[in-house]
Amino acid sequence: MMKAKKSLGAVAAVSGLALTLAACSSGDDADTDTSAGAGGEATAGAATVWVTAGTESVLDASIAAWNETGNGTLEMQTFENDPFKQKLRTAVSAGEGPTVFSGWGGGGLAEYVKEGAVESLQSALDAEPELRDRIFPAVLAGGTVNDEIYALPINGVQPVVFYMNQAVLDEAGVAAPTTWDELMAAVPVLKEAGVAPISIGGASKWPYLMWIAYLTDRIGGPEVFDAVVAGEPGAWEDPAIIEAASMIQDLVEAGGFVDGYSAVDANQGAAEALVYTGKAAMQLQGAWAYSGTYSTAAADFVEAGDLTWTTFPEVEGGAGDPTNVTGNLSSYFSITADSAEDEKATAMDWLLHGVMDDQYVDDLTDTGAVPPISGLEDKIAETDAPEWNEFVYSISEDAGNFQLSWDQALDATQADALLTNLEQVFLLQITPEEFAANLNEVAQQG
Amino acid sequence: MTVLATKRAEAKPRFGPPASLSVPALALFGFFAIVPLIIALGLSFTRWNGLGSPEWVGFDNWVTIFSDPAIAHSIWLTLGLMILSWVIQTPIAMLLGVFLAGHERYREILAVIYFVPLLLSSAAIAIAFRNLLDPNFGLFASGAIPFLDQNWLGDPDLAFITVTLIIAWQFIPFHTLLYQGGARQISQSMYEAAALDGAGRVRQFFSITVPQMKYTIVTSSMLMMVGALTYFDVIWILTQGGPGDATRILPLAMYQTGFVANQMGLASAIAIVLAVVGMTISLTITRLSGFSRMESQMEGE
């Protein structure tokens with residue numbers, strides 16, 4: 001009896017996983033009960049909306065207004081990122097998903113499309129091209145799989161930019177780096193001045209991605225990573241990717257990153273804190289760092305004008321257009337294919353005419369976000385942080401290419417392997433060639 | 001003697017509650033432990049990304065488990081964590097437990113302090129240590145004590161031992177509690193007899209306290225070792241298995257493979273390995289120690 005009890009710990013650990021799996025394994029029956037069976041009228045139904053946290057206030061207002069118009073009803077539930085990914089996958093697989101769900105486009109969306117789990121929005125948008133064409137092309141492309149639109153943007157564009165502590169740079173006599181060589185030259189000067197050149201939240205792994213994504217693009221252009229996404233054999237072993245990884249290692253060896261960077265937690269704002277406390281001079285991070293951390297945790301620093309920003313440095317002799325940016329395009333709404341027709345009709349109507357209507361765009365810009373919609377220059381100029389917002393808006397709209405963050409552009413298996421291997425590049429545990437070869441192997445298995 | 005005693009026990013007719021009373025427990029155990037285990041076993045022969053339907057791939061996942069260097073690394077780390085946890089936690093917990101078994105006031109006050117980590121959730125412990133050890137804003141970041149100003153969680157060579165020590169800090173109080181209870185069970189008369197025979201404190205500890213706590217040691221060791229197979233939350237919050245794969249023990253590998261990389265088949269195979277190793281360890285310890293017989297050591301010898 002004691003034996004059975006002691007083994008229980010291990011069994012429980014396993015059954016935790018297995019139970020979750022068991023819950024999803026009924027996926028094929030694709031029975032549309034819970035969410036879908038409730039509908040009544042033929043044209044407009046009660047649609048459910050699942051969304052990740054961040055845009056609730058805007059969506060709440062939009063849904064409240066929508067429910068008053070009588071074109072069906074919407075009900076929203078908000079989730080945190082990581083639990084959401086699992087819950088959504090399980091629910092959709094079991095045919096119990098919501099009518100509308102948010103995602104990040106790219107490879108994640110493609111997985112759902114491949115399983116026939118999401119509804120195409122192409123024909124509805126073709127009927128109203130003006131709704132389609134106002135969206136930044138690069139952002140629309142993030143919701144497009146195999147030339148069909150499956151998802152529409154719901155919040156602001158978030159390109160990755162270079163943040164700088166201008167006071168620290170001035171004191172060290174360093175100008176904002178416009179080329180990679182200038183950046184490398186600034187490293188010893190800043191170290192001499194007693195500050196870390198670059199802050200990075202390495203413990204969270206994903207901040208590493210921004211460096212390899214930008215460098216690869218600057219060296220070889222967007223085609224290099226496009227080939228990876230397309231699954232072309234040997235795509236990871238492109239010379240541009242290997243060179244990008246070795247440039248990262250040069251920067252690490254030169255002491256470019258703050259001491260202990262591999263233990264700095266990006267999710268708790270520690271990487272930004274290093275910049276605004278003057279311990280580090282620069283940081284490469286997504287636009288969310290401005291509204292999420294700098295302007296809230298260090299309002300004085302921002303108001304004093306000490307926070308400045310620029311685009312990622314150019315790489316001399318590189319094939320990539322220096323206006324290219326990478327980052328998060330937007331979050332997107334998609335409609336599940338399993339939902340009842342009346343719910344889909346309501347959802348489609350709302351996605352086209354509710355989300356990103358004038359009021360929605362106003363609310364969104366009020367929260368400090370920059371919507372991926374053309375012709376908003378005047379609105380952006382009236383926001384609380386016009387200089388910042390104009391910068392984000394213009395680099396996003398004028399980008400030669402807007403590359404979706406690599407981990408989101410790839411399927412989950414490759415993304416996980418990429419994060420682990422890239423971390424080892426930053427820790428100098430593997431060579432650039434090994435990095436490329438390891439990922440090639442994972443890509444071929446997929 | 002032992003053999004005889006066991007036989008006699010078996011020969012006796014058994015009295016006690018009817019076996020049917022165990023049905024509810026067995027049914028729950030079967031439904032929540034055995035059935036999922038079987039499903040996981042089935043899934044371990046498939047490739048499945050969590051969407052759509054699983055695709056049968058035969059022994060592919062099992063070949064991966066026994067050939068993939070990353071998984072082999074995770075297995076070594078798990079074994080290392082298990083052994084290191086035992087080596088660090090057992091002596092400390094035993095000494096503290098025996099010390100706290102006394103009934104003096106000051107010992108009880110100290111006991112309250114020692115047991116504080118028991119009251120904290122794993123997540124709180126992990127977040128607290130993560131901030132204390134932050135290389136730039138943490139407790140030792142000022143550099144006042146150069147030896148302690150290390151990149152504890154970010155250096156691949158240090159992270160594993162750091163994590164092990166934090167886990168020890170979290171679990172030593174629990175095992176201390178077990179040893180305290182065990183030590184209090186020991187009859188005072190044995191110590192008196194030993195004192196009459198001229199045994200000093202150290203001799204009494206090794207000749208009476210340790211042997212008398214044999215079953216406490218077995219229980220505590222088993223909980224520690226099987227527990228090491230399930231450590232997840234603390235490590236996940238502290239390092240997410242990093243830096244690199246320096247702290248990616250098997251439960252983390254299982255989670256990341258299953259729920260981050262969406263390879264449910266391979267993750268199920270890892271889960272099965274964990275279950276089998278856990279059961280093997282607990283069965284082995286039970287067998288080797290004669291734990292299941294539970295005879296008293298008061299008489300004989």
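# Briefing: helix packing, core and confidence in a predicted complex

Helices α10 (residues 206-220) and α21 (residues 412-426) of chain A pack with their axes 9 Å apart, at an angle of about 75 degrees. Because of that angle, α10(A) counts as roughly perpendicular to α21(A) (65 to 115 degrees; under 35 is roughly parallel, over 145 roughly antiparallel, and the rest oblique). This is a predicted model, in which local features need pLDDT of at least 70 and side-chain atom pairs count only at pLDDT 80 or more, while totals for chains, interfaces and linings use all residues. Residues are numbered from 1 along each chain as its sequence is written, and chains are lettered from A and ligands numbered from 1 in the order in which they are written.

**The helix pair in chain A**
- Axes are lines fitted to C-alpha atoms, for helices over the stretch in contact, and angles run from 0 to 180 degrees between N-to-C directions.
- On α10(A), the contact is made by W206(A), Y208(A), L209(A) and I212(A).
- Their partners on α21(A) are L419(A), L422(A), E423(A) and F426(A).
- Two residues are in contact if their C-beta atoms, placed from the backbone, lie within 7 Å.

**The nonpolar core**
- The largest nonpolar core has 199 residues, of which I248(A) and I270(B) touch the most other members.
- Helix α14 (residues 264-289) of chain B gives the most to this core, with 11 residues.
- Domain 1 (31-157 + 329-374) and domain 2 (158-327 + 403-445) of chain A both contribute residues, so the core lies between them; the domain bounds come from an automatic or database assignment.
- Such a core is a set of buried Ala, Val, Leu, Ile, Met, Phe, Trp, Tyr and Cys residues joined through C-beta atoms within 7 Å.
- Beyond its neighbours within four places in sequence, I270(B) is in contact with I65(B), L250(B), A253(B), M254(B) and T257(B).

**Chain B as a whole**
- Chain B has 14 helices and 2 strands, which are DSSP runs (H or I, at least four residues; E, at least two) numbered from the N terminus.
- Of its 301 residues, 38% count as buried (20 or more other C-beta atoms within 10 Å of a residue's own; exposed is 12 or fewer, partly exposed in between).
- Helix α9 (residues 188-196) of chain B has 0 buried residues among its 9.
- After α9(B) comes G198(B), with a positive phi near 90 degrees.

**Confidence**
- Chain B averages a pLDDT of 85, and 92% of its residues score at least 70 (pLDDT is the predictor's confidence in each residue, from 0 to 100).
- Over residues 1-6 of chain B, pLDDT stays under 50.
- Where pLDDT is low, the predicted coordinates should not be read in detail.
- The complex has an ipTM of 0.77 and a pTM of 0.81 from the predictor.
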